[in-house]
Amino acid sequence: MLLGIVIYFLCCTANAQMVDVNATRETQNLYKNLKATTQKAVLFGHQDDMAYGVNWKYEEGRSDIKDVTGEYPGIFGWELGRLEIDSPVNLDSVPFEKMRSYICSAYENGAAITISWHLNNPVTGKSAWDPSPSNTVQSILPGGEKNELYKNWLDKVAVFFKNLKGKRGEYVPVIFRPFHELNGSWFWWGGKNCSPEELIQIWKYTVSYLRDTKNIHQLLYAFNTDRFSSEQEYLERYPGNEWVDIVGFDIYQKGDILPNEKFINELDKSLTILEKIARSKNKVAALTEFGYNTVPDASWWTNVFFKAIEKHKIAYALAWRNAGKKSKSEVEFYVPYKEQVSAEDFKMFSKLPTIFFENKTKQQKLYQ
Ligand code: BMA
(Lines give C-alpha, C1' and ligand atoms only; values in the text may rest on other atoms or scores of the structure.)
Protein backbone atom coordinates (compact mmCIF):
# COMPACT_ATOMS: atom_id res chain seq x y z
CA MET A 1 0.00 0.00 0.00
CA LEU A 2 2.67 2.46 1.12
CA LEU A 3 4.86 1.43 -1.80
CA GLY A 4 1.90 2.06 -4.11
CA ILE A 5 1.43 5.55 -2.73
CA VAL A 6 5.15 6.31 -3.10
CA ILE A 7 5.21 5.04 -6.70
CA TYR A 8 2.05 7.01 -7.52
CA PHE A 9 3.58 10.15 -6.02
CA LEU A 10 6.87 9.72 -7.90
CA CYS A 11 5.09 9.11 -11.20
CA CYS A 12 2.78 12.05 -10.80
CA THR A 13 5.42 14.54 -9.79
CA ALA A 14 7.69 13.35 -12.60
CA ASN A 15 4.81 13.65 -15.05
CA ALA A 16 3.85 17.08 -13.85
CA GLN A 17 7.32 18.43 -14.49
CA MET A 18 7.75 21.06 -17.18
CA VAL A 19 10.42 20.77 -19.89
CA ASP A 20 12.31 23.54 -18.14
CA VAL A 21 12.62 23.04 -14.38
CA ASN A 22 14.14 26.51 -14.25
CA ALA A 23 11.30 28.16 -16.13
CA THR A 24 10.60 31.72 -14.96
CA ARG A 25 7.82 32.26 -12.46
CA GLU A 26 5.54 33.78 -15.12
CA THR A 27 6.14 30.79 -17.40
CA GLN A 28 5.37 28.32 -14.62
CA ASN A 29 2.24 30.29 -13.83
CA LEU A 30 1.18 30.28 -17.47
CA TYR A 31 1.48 26.50 -17.59
CA LYS A 32 -0.43 26.04 -14.35
CA ASN A 33 -3.14 28.47 -15.47
CA LEU A 34 -3.47 26.92 -18.92
CA LYS A 35 -4.06 23.60 -17.19
CA ALA A 36 -6.74 25.21 -15.05
CA THR A 37 -8.50 27.12 -17.84
CA THR A 38 -8.51 23.99 -20.01
CA GLN A 39 -11.10 22.58 -17.63
CA LYS A 40 -13.57 25.36 -18.31
CA ALA A 41 -12.83 27.14 -21.59
CA VAL A 42 -10.88 27.46 -24.82
CA LEU A 43 -8.76 30.56 -25.42
CA PHE A 44 -9.37 31.78 -28.94
CA GLY A 45 -6.30 32.75 -30.94
CA HIS A 46 -5.27 34.30 -34.24
CA GLN A 47 -2.02 34.39 -36.19
CA ASP A 48 -0.57 37.86 -36.97
CA ASP A 49 -3.75 39.41 -35.60
CA MET A 50 -2.44 42.92 -34.88
CA ALA A 51 -0.18 43.21 -37.92
CA TYR A 52 -2.68 43.06 -40.76
CA GLY A 53 -6.07 41.81 -41.88
CA VAL A 54 -8.16 41.67 -45.01
CA ASN A 55 -7.47 44.90 -46.93
CA TRP A 56 -5.37 46.63 -44.25
CA LYS A 57 -1.86 46.57 -42.81
CA TYR A 58 -0.22 48.03 -39.69
CA GLU A 59 -3.02 50.28 -38.50
CA GLU A 60 -2.38 51.07 -34.86
CA GLY A 61 -4.68 49.07 -32.59
CA ARG A 62 -6.57 47.42 -35.43
CA SER A 63 -7.46 43.73 -35.64
CA ASP A 64 -10.06 41.97 -37.81
CA ILE A 65 -11.18 40.08 -34.73
CA LYS A 66 -11.59 43.28 -32.76
CA ASP A 67 -13.44 44.96 -35.64
CA VAL A 68 -16.02 42.15 -35.55
CA THR A 69 -16.26 41.21 -31.86
CA GLY A 70 -15.06 44.33 -30.03
CA GLU A 71 -12.23 42.32 -28.43
CA TYR A 72 -8.77 41.09 -29.31
CA PRO A 73 -8.16 37.34 -29.21
CA GLY A 74 -7.05 35.57 -26.01
CA ILE A 75 -3.91 34.18 -27.61
CA PHE A 76 -1.74 35.62 -30.38
CA GLY A 77 0.29 33.59 -32.87
CA TRP A 78 3.51 34.89 -34.47
CA GLU A 79 6.08 33.46 -36.82
CA LEU A 80 9.89 33.66 -36.93
CA GLY A 81 10.68 32.38 -40.45
CA ARG A 82 13.62 34.35 -41.97
CA LEU A 83 14.84 35.69 -38.64
CA GLU A 84 17.58 33.09 -39.14
CA ILE A 85 18.85 34.85 -42.28
CA ASP A 86 18.87 38.30 -40.68
CA SER A 87 15.88 39.54 -42.65
CA PRO A 88 14.23 42.52 -40.93
CA VAL A 89 10.81 41.06 -41.87
CA ASN A 90 9.50 37.50 -41.59
CA LEU A 91 8.37 35.31 -44.47
CA ASP A 92 4.96 36.98 -44.39
CA SER A 93 6.54 40.48 -44.39
CA VAL A 94 5.95 41.22 -40.69
CA PRO A 95 8.81 43.40 -39.37
CA PHE A 96 10.40 41.64 -36.39
CA GLU A 97 10.62 44.90 -34.50
CA LYS A 98 6.87 45.45 -34.80
CA MET A 99 6.28 41.82 -33.84
CA ARG A 100 8.33 42.29 -30.69
CA SER A 101 6.28 45.26 -29.63
CA TYR A 102 2.92 43.57 -30.44
CA ILE A 103 4.00 40.60 -28.32
CA CYS A 104 5.02 42.73 -25.37
CA SER A 105 1.80 44.74 -25.40
CA ALA A 106 -0.39 41.62 -25.70
CA TYR A 107 1.47 40.13 -22.74
CA GLU A 108 0.86 43.27 -20.67
CA ASN A 109 -2.78 42.95 -21.61
CA GLY A 110 -2.91 39.40 -20.19
CA ALA A 111 -3.05 37.41 -23.45
CA ALA A 112 -1.00 34.29 -24.24
CA ILE A 113 1.61 34.19 -27.03
CA THR A 114 2.57 31.31 -29.30
CA ILE A 115 5.37 31.33 -31.89
CA SER A 116 6.10 29.05 -34.84
CA TRP A 117 9.19 28.97 -37.02
CA HIS A 118 9.13 28.11 -40.74
CA LEU A 119 12.93 28.09 -40.84
CA ASN A 120 14.63 27.84 -44.21
CA ASN A 121 16.20 24.61 -45.37
CA PRO A 122 19.72 24.94 -43.94
CA VAL A 123 21.30 22.89 -46.72
CA THR A 124 19.75 24.46 -49.81
CA GLY A 125 18.98 27.90 -48.40
CA LYS A 126 15.50 27.58 -49.90
CA SER A 127 12.30 27.77 -47.90
CA ALA A 128 10.97 25.42 -45.19
CA TRP A 129 8.94 23.73 -47.93
CA ASP A 130 12.06 22.47 -49.70
CA PRO A 131 12.46 18.86 -48.53
CA SER A 132 15.76 18.14 -50.30
CA PRO A 133 18.29 16.67 -49.77
CA SER A 134 17.17 13.69 -47.70
CA ASN A 135 19.82 14.21 -45.00
CA THR A 136 18.94 17.81 -44.09
CA VAL A 137 17.80 16.85 -40.58
CA GLN A 138 20.99 14.86 -39.91
CA SER A 139 23.07 17.76 -41.18
CA ILE A 140 22.06 20.13 -38.37
CA LEU A 141 22.96 17.71 -35.57
CA PRO A 142 26.41 17.76 -33.92
CA GLY A 143 28.93 16.43 -36.41
CA GLY A 144 26.73 17.42 -39.33
CA GLU A 145 27.90 19.93 -41.95
CA LYS A 146 25.18 22.43 -40.99
CA ASN A 147 25.43 22.14 -37.22
CA GLU A 148 27.36 25.40 -36.84
CA LEU A 149 24.88 27.20 -39.09
CA TYR A 150 21.93 25.81 -37.14
CA LYS A 151 23.48 26.90 -33.84
CA ASN A 152 23.93 30.35 -35.34
CA TRP A 153 20.23 30.37 -36.29
CA LEU A 154 19.22 29.29 -32.79
CA ASP A 155 21.42 32.07 -31.36
CA LYS A 156 19.32 34.59 -33.30
CA VAL A 157 16.08 33.03 -32.09
CA ALA A 158 17.47 33.23 -28.54
CA VAL A 159 18.20 36.94 -28.98
CA PHE A 160 14.62 37.50 -30.15
CA PHE A 161 13.23 35.74 -27.05
CA LYS A 162 15.60 37.64 -24.74
CA ASN A 163 14.28 40.90 -26.17
CA LEU A 164 10.71 40.07 -25.16
CA LYS A 165 10.34 41.76 -21.82
CA GLY A 166 7.55 42.97 -19.60
CA LYS A 167 7.42 46.28 -17.72
CA ARG A 168 9.23 44.89 -14.71
CA GLY A 169 12.01 43.55 -16.90
CA GLU A 170 10.69 39.99 -16.72
CA TYR A 171 10.85 37.79 -19.81
CA VAL A 172 7.57 37.33 -21.69
CA PRO A 173 6.52 33.67 -21.65
CA VAL A 174 6.06 32.13 -25.08
CA ILE A 175 4.55 28.84 -26.25
CA PHE A 176 7.22 27.83 -28.77
CA ARG A 177 6.08 25.45 -31.51
CA PRO A 178 9.11 24.36 -33.51
CA PHE A 179 9.04 21.70 -36.27
CA HIS A 180 5.27 21.92 -36.58
CA GLU A 181 3.07 19.57 -38.63
CA LEU A 182 5.84 17.06 -38.20
CA ASN A 183 3.97 14.06 -39.62
CA GLY A 184 3.38 15.73 -43.00
CA SER A 185 6.05 15.60 -45.71
CA TRP A 186 5.86 19.23 -46.91
CA PHE A 187 8.55 20.64 -44.58
CA TRP A 188 12.17 19.44 -44.60
CA TRP A 189 11.80 18.16 -41.02
CA GLY A 190 8.53 16.30 -41.57
CA GLY A 191 7.10 12.92 -42.49
CA LYS A 192 9.06 11.01 -45.12
CA ASN A 193 11.93 13.51 -45.05
CA CYS A 194 13.49 12.05 -41.91
CA SER A 195 13.11 9.09 -39.59
CA PRO A 196 11.18 9.42 -36.31
CA GLU A 197 14.51 9.04 -34.46
CA GLU A 198 16.04 11.91 -36.40
CA LEU A 199 13.11 14.20 -35.69
CA ILE A 200 13.31 13.28 -32.01
CA GLN A 201 17.04 14.05 -32.06
CA ILE A 202 16.62 17.54 -33.55
CA TRP A 203 13.75 18.22 -31.15
CA LYS A 204 15.81 17.37 -28.09
CA TYR A 205 18.86 19.13 -29.47
CA THR A 206 16.89 22.33 -30.14
CA VAL A 207 15.22 22.36 -26.73
CA SER A 208 18.42 21.69 -24.89
CA TYR A 209 20.40 24.27 -26.90
CA LEU A 210 17.89 27.03 -26.14
CA ARG A 211 17.35 26.01 -22.53
CA ASP A 212 20.79 24.86 -21.40
CA THR A 213 23.23 26.64 -23.69
CA LYS A 214 21.36 29.91 -24.27
CA ASN A 215 19.64 29.98 -20.87
CA ILE A 216 16.21 30.77 -22.26
CA HIS A 217 13.72 30.01 -19.49
CA GLN A 218 10.53 31.62 -20.73
CA LEU A 219 9.34 28.86 -23.07
CA LEU A 220 6.67 26.21 -23.05
CA TYR A 221 7.32 23.69 -25.81
CA ALA A 222 4.40 22.66 -28.03
CA PHE A 223 4.68 19.44 -30.02
CA ASN A 224 2.33 19.32 -32.96
CA THR A 225 1.35 17.13 -35.87
CA ASP A 226 -0.93 17.72 -38.80
CA ARG A 227 -4.10 15.57 -39.23
CA PHE A 228 -3.67 12.05 -37.87
CA SER A 229 -5.86 9.03 -37.42
CA SER A 230 -4.65 7.13 -34.36
CA GLU A 231 -2.85 7.51 -31.05
CA GLN A 232 -0.02 5.41 -32.41
CA GLU A 233 0.38 7.66 -35.45
CA TYR A 234 0.30 10.77 -33.26
CA LEU A 235 3.00 9.43 -30.94
CA GLU A 236 5.32 8.05 -33.61
CA ARG A 237 7.65 11.07 -33.32
CA TYR A 238 6.87 12.10 -29.74
CA PRO A 239 10.19 12.87 -28.06
CA GLY A 240 9.10 11.93 -24.50
CA ASN A 241 7.32 13.56 -21.60
CA GLU A 242 10.34 15.47 -20.36
CA TRP A 243 10.66 17.26 -23.73
CA VAL A 244 7.10 18.46 -24.29
CA ASP A 245 4.72 20.76 -22.39
CA ILE A 246 1.83 21.05 -24.81
CA VAL A 247 0.46 18.55 -27.33
CA GLY A 248 -1.54 19.67 -30.34
CA PHE A 249 -2.33 19.28 -33.99
CA ASP A 250 -3.31 21.38 -37.01
CA ILE A 251 -6.40 20.85 -39.11
CA TYR A 252 -8.03 22.79 -41.95
CA GLN A 253 -11.51 22.34 -43.32
CA LYS A 254 -11.73 22.22 -47.10
CA GLY A 255 -15.04 22.46 -48.91
CA ASP A 256 -14.42 19.49 -51.18
CA ILE A 257 -12.03 17.27 -49.18
CA LEU A 258 -13.41 17.89 -45.72
CA PRO A 259 -16.95 19.30 -45.86
CA ASN A 260 -18.89 20.24 -42.70
CA GLU A 261 -20.02 16.84 -41.41
CA LYS A 262 -16.69 15.17 -42.17
CA PHE A 263 -14.78 18.03 -40.57
CA ILE A 264 -16.88 17.90 -37.41
CA ASN A 265 -16.40 14.15 -37.14
CA GLU A 266 -12.69 14.21 -37.77
CA LEU A 267 -11.98 17.13 -35.46
CA ASP A 268 -14.11 15.58 -32.73
CA LYS A 269 -12.38 12.22 -33.08
CA SER A 270 -8.87 13.71 -33.19
CA LEU A 271 -9.55 15.85 -30.13
CA THR A 272 -10.75 12.77 -28.26
CA ILE A 273 -7.45 11.03 -29.02
CA LEU A 274 -5.42 14.14 -28.18
CA GLU A 275 -7.18 14.60 -24.84
CA LYS A 276 -6.50 10.99 -23.92
CA ILE A 277 -2.81 11.49 -24.71
CA ALA A 278 -2.68 14.77 -22.78
CA ARG A 279 -4.42 13.21 -19.78
CA SER A 280 -2.17 10.18 -19.63
CA LYS A 281 0.98 12.27 -19.99
CA ASN A 282 -0.22 15.13 -17.84
CA LYS A 283 0.22 17.67 -20.66
CA VAL A 284 -1.86 20.57 -21.90
CA ALA A 285 -3.82 19.88 -25.10
CA ALA A 286 -4.37 22.53 -27.78
CA LEU A 287 -5.61 22.99 -31.32
CA THR A 288 -2.40 24.59 -32.53
CA GLU A 289 -3.75 25.74 -35.95
CA PHE A 290 -7.11 25.48 -37.62
CA GLY A 291 -9.27 27.20 -40.18
CA TYR A 292 -11.64 27.13 -43.10
CA ASN A 293 -10.18 29.46 -45.72
CA THR A 294 -12.49 32.42 -46.52
CA VAL A 295 -15.11 30.95 -44.09
CA PRO A 296 -17.80 30.73 -46.81
CA ASP A 297 -20.42 29.24 -44.45
CA ALA A 298 -22.45 31.92 -42.61
CA SER A 299 -22.97 29.81 -39.48
CA TRP A 300 -19.66 27.94 -39.49
CA TRP A 301 -18.55 29.16 -36.06
CA THR A 302 -21.52 28.05 -34.01
CA ASN A 303 -22.78 25.27 -36.25
CA VAL A 304 -19.59 23.54 -37.28
CA PHE A 305 -16.52 24.62 -35.32
CA PHE A 306 -18.18 24.93 -31.93
CA LYS A 307 -20.06 21.67 -32.43
CA ALA A 308 -16.77 19.87 -32.96
CA ILE A 309 -14.92 21.38 -29.98
CA GLU A 310 -17.61 22.02 -27.38
CA LYS A 311 -17.21 18.86 -25.35
CA HIS A 312 -13.43 18.86 -25.44
CA LYS A 313 -10.87 20.11 -23.01
CA ILE A 314 -8.29 22.09 -24.93
CA ALA A 315 -6.41 25.12 -23.68
CA TYR A 316 -6.57 27.12 -26.90
CA ALA A 317 -7.39 27.08 -30.59
CA LEU A 318 -5.38 29.22 -33.01
CA ALA A 319 -6.96 30.38 -36.27
CA TRP A 320 -4.42 31.00 -39.04
CA ARG A 321 -3.68 34.37 -40.59
CA ASN A 322 -5.88 36.86 -42.44
CA ALA A 323 -3.48 37.41 -45.32
CA GLY A 324 -6.27 38.77 -47.56
CA LYS A 325 -5.60 38.93 -51.28
CA LYS A 326 -2.31 37.15 -51.98
CA SER A 327 -2.42 37.18 -55.78
CA LYS A 328 -4.98 37.63 -58.53
CA SER A 329 -6.57 34.29 -57.79
CA GLU A 330 -5.58 33.60 -54.19
CA VAL A 331 -7.26 34.91 -51.05
CA GLU A 332 -6.51 33.68 -47.56
CA PHE A 333 -8.29 34.46 -44.29
CA TYR A 334 -9.59 32.29 -41.46
CA VAL A 335 -11.51 34.72 -39.28
CA PRO A 336 -14.12 37.15 -40.57
CA TYR A 337 -13.65 40.86 -41.10
CA LYS A 338 -16.51 43.35 -40.79
CA GLU A 339 -19.37 42.51 -43.16
CA GLN A 340 -17.86 39.11 -44.07
CA VAL A 341 -20.54 36.44 -44.42
CA SER A 342 -19.70 34.70 -41.10
CA ALA A 343 -19.12 37.89 -39.09
CA GLU A 344 -22.44 37.88 -37.17
CA ASP A 345 -22.06 34.23 -36.26
CA PHE A 346 -18.46 34.82 -35.17
CA LYS A 347 -19.61 37.59 -32.89
CA MET A 348 -22.12 35.22 -31.27
CA PHE A 349 -19.46 32.55 -30.99
CA SER A 350 -17.09 35.00 -29.28
CA LYS A 351 -19.64 35.60 -26.52
CA LEU A 352 -20.19 31.93 -25.67
CA PRO A 353 -19.33 31.31 -22.01
CA THR A 354 -16.70 28.68 -22.81
CA ILE A 355 -14.91 30.64 -25.54
CA PHE A 356 -12.42 33.16 -24.19
CA PHE A 357 -11.34 36.19 -26.18
CA GLU A 358 -9.44 39.11 -24.66
CA ASN A 359 -11.75 40.06 -21.80
CA LYS A 360 -12.39 36.65 -20.28
CA THR A 361 -8.75 35.66 -20.84
CA LYS A 362 -7.55 38.71 -18.96
CA GLN A 363 -9.62 37.69 -15.95
CA GLN A 364 -7.70 34.39 -15.77
CA LYS A 365 -4.51 36.27 -14.84
CA LEU A 366 -2.47 33.77 -16.81
CA TYR A 367 0.88 34.95 -15.50
CA GLN A 368 0.08 35.15 -11.79
C1 BMA B 1 0.84 29.26 -44.74
C2 BMA B 1 0.31 30.40 -45.61
C3 BMA B 1 1.49 31.10 -46.20
C4 BMA B 1 2.45 31.56 -45.10
C5 BMA B 1 2.82 30.39 -44.20
C6 BMA B 1 3.68 30.82 -43.02
O7 BMA B 1 -0.17 28.50 -44.22
O8 BMA B 1 -0.43 31.29 -44.80
O9 BMA B 1 1.04 32.22 -46.93
O10 BMA B 1 3.61 32.09 -45.66
O11 BMA B 1 1.65 29.80 -43.71
O12 BMA B 1 3.06 31.74 -42.19
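The largest nonpolar core of this predicted model holds 122 residues. A nonpolar core here is a set of buried Ala, Val, Leu, Ile, Met, Phe, Trp, Tyr and Cys residues joined through side-chain atoms within 4.5 Å. Buried means under 20% relative accessible area, exposed means over 50%, and partly exposed lies in between (1.4 Å probe, protein chains only). Phe 44, Trp 78, Phe 161, Trp 189 and Phe 305 touch the most other members of the core. Helix 9 (residues 260-281) gives the most to this core, with eight residues. Helices (H or I, at least four residues) and strands (E, at least two) are DSSP runs numbered from the N terminus.

The model is a prediction, in which local features need pLDDT of at least 70 and side-chain atom pairs count only at pLDDT 80 or more, while totals for chains, interfaces and linings use all residues. Residues are numbered from 1 along each chain as its sequence is written, and side-chain values use heavy atoms, with hydrogens and water left out.

Phe 305 of the core also belongs to the buried part of helix 10. Helix 10 (residues 300-309) is mostly covered, with seven of its 10 residues buried. These are Trp 300, Trp 301, Val 304, Phe 305, Phe 306, Ala 308 and Ile 309. Helix 10 packs against helix 11 (residues 343-350) at an angle of about 50°, with the axes 8 Å apart. Helix 10 is therefore oblique to helix 11. Axes are lines fitted to C-alpha atoms, for helices over the stretch in contact, and angles run from 0 to 180 degrees between N-to-C directions. Angles under 35 degrees count as roughly parallel, over 145 as roughly antiparallel, 65 to 115 as roughly perpendicular and the rest as oblique. From helix 10, Trp 300, Trp 301, Thr 302, Phe 305 and Phe 306 meet Asp 345, Phe 346, Met 348 and Phe 349 of helix 11. Contact means heavy atoms within 4.5 Å. The residues of this contact divide into seven nonpolar, one polar and one charged. In this division, Ala, Val, Leu, Ile, Met, Phe, Trp, Tyr, Cys and Pro count as nonpolar, Asp, Glu, Lys and Arg as charged, and the others, Gly among them, as polar.

On the helix 6 side, the contact includes Asn 147, Tyr 150, Lys 151 and Leu 154. Helix 7 contributes Tyr 205, Thr 206, Tyr 209 and Leu 210. The contact residues comprise seven nonpolar, two polar and two charged.

Thr 27 lies in helix 2 (residues 25-38). Thr 27 counts as buried because its relative accessibility is 0%. Leaving aside residues up to four places away in sequence, Thr 27 touches Met 18, Pro 173, His 217, Gln 218, Leu 219 and Leu 220.

Backbone geometry was examined next. Most residues other than glycine have a negative phi, and most peptide bonds are trans. Ser 132 and Pro 133 are joined by a cis peptide bond, with omega about -15°. Pro 133 sits in the loop between strand 5 (112-116) and helix 5 (136-140). Phe 179 is not a glycine, yet has a positive phi of about 45°. Phe 179 is found in the loop between strand 6 (174-177) and helix 7, and counts as buried at 2% relative accessibility. Glu 339, also not a glycine, has a positive phi of about 75°. Glu 339 is placed in the loop between strand 12 (331-332) and helix 11. At 75% relative accessibility, Glu 339 counts as exposed.
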